[in-house]
Amino acid sequence: EFRPLDSPGGSYVITVEITDGEHTVTMEWLMDAVTSVELASFAAVASGFDGVQISWVTSREVDNLGFNVLRGETRNGTYVQINEELIPSNSKGGYLFVDKDVVSGSRYYYMLEDVSLSGVTTQNGPITVDISQPKTFELSQNYPNPFNPETKIRYQVPAAQEVSVTVFDILGREVRSLVNERKEPGFHVATWDARDNLGRRVSSGIYYYRILAGDFRQTKKMLLLK
C-alpha cells in the first residue's frame, strides 16, 4: 500500500504485508518525496501598463505536471493562486506569466508552486515586487495604429481624479465616450472597438481621442483602416 500523508513536504507511507496464510507481518516506512523540479531562476518585474511579469527557468524537471503562481499581500500571510489553469510543463524549461490585476503603490509577494504527476506540490519563494506609482499625467499613442477592428488607449494618472477619455471625428463631433469616471492613481487602458455610442460600426478614417483629468488635457490622432 502506498498512500500520501497530508503534509506540505510530500511525505508518504509505504506499507508492506507478508503472509503465509496463517501469520501476517506488517512493516511501514515513512518516505519524503524529493521535489520533481529544480529552479535555475525565479524573478518578477513590474512594468507599468503591463502589470507584473513573472518568469522562471528550470534546470531539472522530473514527472512535473505544471505550475501555479501564488500571490500574497504580506510575506507570511495568505497566498492565493492567480492563474486560472495549471501552467503546463514544457521541454524548454522557460516560463512567463503576467499578473495584470495589480494596483499602483502596492507591494506583492509571489510564490511558485510545482505540481508533480502524483499530485505532490512544492512551493518556492516568495519574491517581492513593488508597483510604482506614476508621477505625471500622460496620454500614450494608441496601439495598434493604424488599427482594425480595435485599438488600446493607455494613460496614466498620478492622483485620484475624475477622468474622461473621448473619441471625436475630424469635424470635432463626439463619436464614443470611453471613460467617464473617477480613476485611482496608476496605469490604465481603454479599448475602442471602432463603434459609436449607439454601438454602430464607424467608417474608416482619421479620429481623435482626448483625455481630460483635472487641469490636464491632451489630444492625439489615430487611423482606422478597413
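This is a predicted model: local features need pLDDT of at least 70, side-chain atom pairs count only at pLDDT 80 or more; totals for chains, interfaces and linings use all residues.
## Notebook: strands, loops and a pocket

I began with strand 14, which is joined to strand 17 by six bridges, the two running antiparallel.

**Entry 1, strand 14 and its other partner.** I looked up how well strand 14 is covered. Of the eight residues in this strand (161-168), six are buried, so I wrote it down as mostly covered, with buried meaning under 20% relative accessible area. I then turned to strand 15 (residues 174-183), which pairs with strand 14 over eight bridges, again in the antiparallel sense. Glu162 has Arg182 of strand 15 as its bridge partner. The two strands make a hairpin, and five residues lie between them. In that turn I noted Gly172, whose phi is positive at about 85 degrees.

I stepped back to count elements: the protein chain has 18 strands and zero helices. Of its 226 residues, 35% are buried. I also checked how far apart contacting residues sit along the chain. Among contacts with a separation of 6 or more, 51% are between residues 24 or more positions apart.

Which strands stand at the edges of the open sheet? I first wrote down the order, 12-13-16, with antiparallel pairing. Strand 12 (138-139) and strand 16 are the edges; each has a single partner strand, so one side of each has no neighbour in the sheet. Strand 12 is joined to strand 13 by two bridges, and Glu138 stands opposite Gln156 of strand 13.

The peptide bond from Tyr143 to Pro144 is cis, with omega near -5 degrees. Pro149 lies in the loop between strand 12 and strand 13 too. Its bond from Asn148 is likewise cis, with omega near 10 degrees.

I got a volume of about 340 Å³ for the largest pocket. Its lining has 17 residues, and those closest to the centre are Gly48, Phe49, Gly51, Lys100 and Phe187. Two elements give two or more residues to the lining, namely strand 13 (151-157) and strand 16. Strand 16 provides the largest share, four residues. Sorting the lining by class, I have eight nonpolar, five polar and four charged residues.

I followed the chain into the loop between strand 16 (186-192) and strand 17 (205-213), where Asp196 sits. Is Asp196 buried or exposed? It is buried, because its relative accessible area of 13% is below the 20% cut-off. The Asp196 side chain makes a polar contact of 2.8 Å with the side chain of Arg200. Setting aside neighbours within four places in sequence, I find Asp196 in contact with Val175, Arg176 and Val202. Ala194 lies in the loop between strand 16 and strand 17 as well. Ala194 is buried, at 0% relative accessible area, and has a positive phi of about 60 degrees although it is not a glycine.

Val62 is partly exposed, with a relative accessible area of 38%. Asp63 is found in the loop between strand 5 and strand 6. Asp63 counts as exposed because its relative accessibility, 52%, is over 50%. Its phi is positive, about 55 degrees, although Asp63 is not a glycine.

My last stop was Thr74, in the loop between strand 6 (64-72) and strand 7 (79-81). With 47% relative accessibility, Thr74 counts as partly exposed. What does Thr74 touch, not counting residues up to four places away in sequence? The answer is Tyr79 and Tyr109. Thr74 and Tyr109 are 35 residues apart in sequence, and their C-alpha atoms are 6.6 Å apart. I also noted a polar atom of the Thr74 side chain at 3.1 Å from the backbone nitrogen of Gly77.

Notes. Residues are numbered from 1 along each chain as its sequence is written. Side-chain values use heavy atoms; hydrogens and water are left out. Buried means under 20% relative accessible area, exposed over 50%, partly exposed in between (1.4 Å probe, protein chains only). A polar contact is a pair of N or O atoms within 3.5 Å; within protein, one must be able to donate a hydrogen and the other to accept it, and residues adjacent in sequence count only if both atoms are side-chain atoms. Contact means heavy atoms within 4.5 Å. On a 1 Å grid over the protein atoms alone, a cavity is a set of points where a 1.4 Å probe fits but cannot get out, and a pocket is an open set with protein on both sides within 12 Å along at least five of seven lines; lining residues have an atom within 4 Å of a point. Grid points are joined across faces, edges and corners, and a volume is the space filled by probe spheres set on the points. Ala, Val, Leu, Ile, Met, Phe, Trp, Tyr, Cys and Pro count as nonpolar, Asp, Glu, Lys and Arg as charged, and the others, Gly among them, as polar. Two strands pair if DSSP finds at least two bridges between them.
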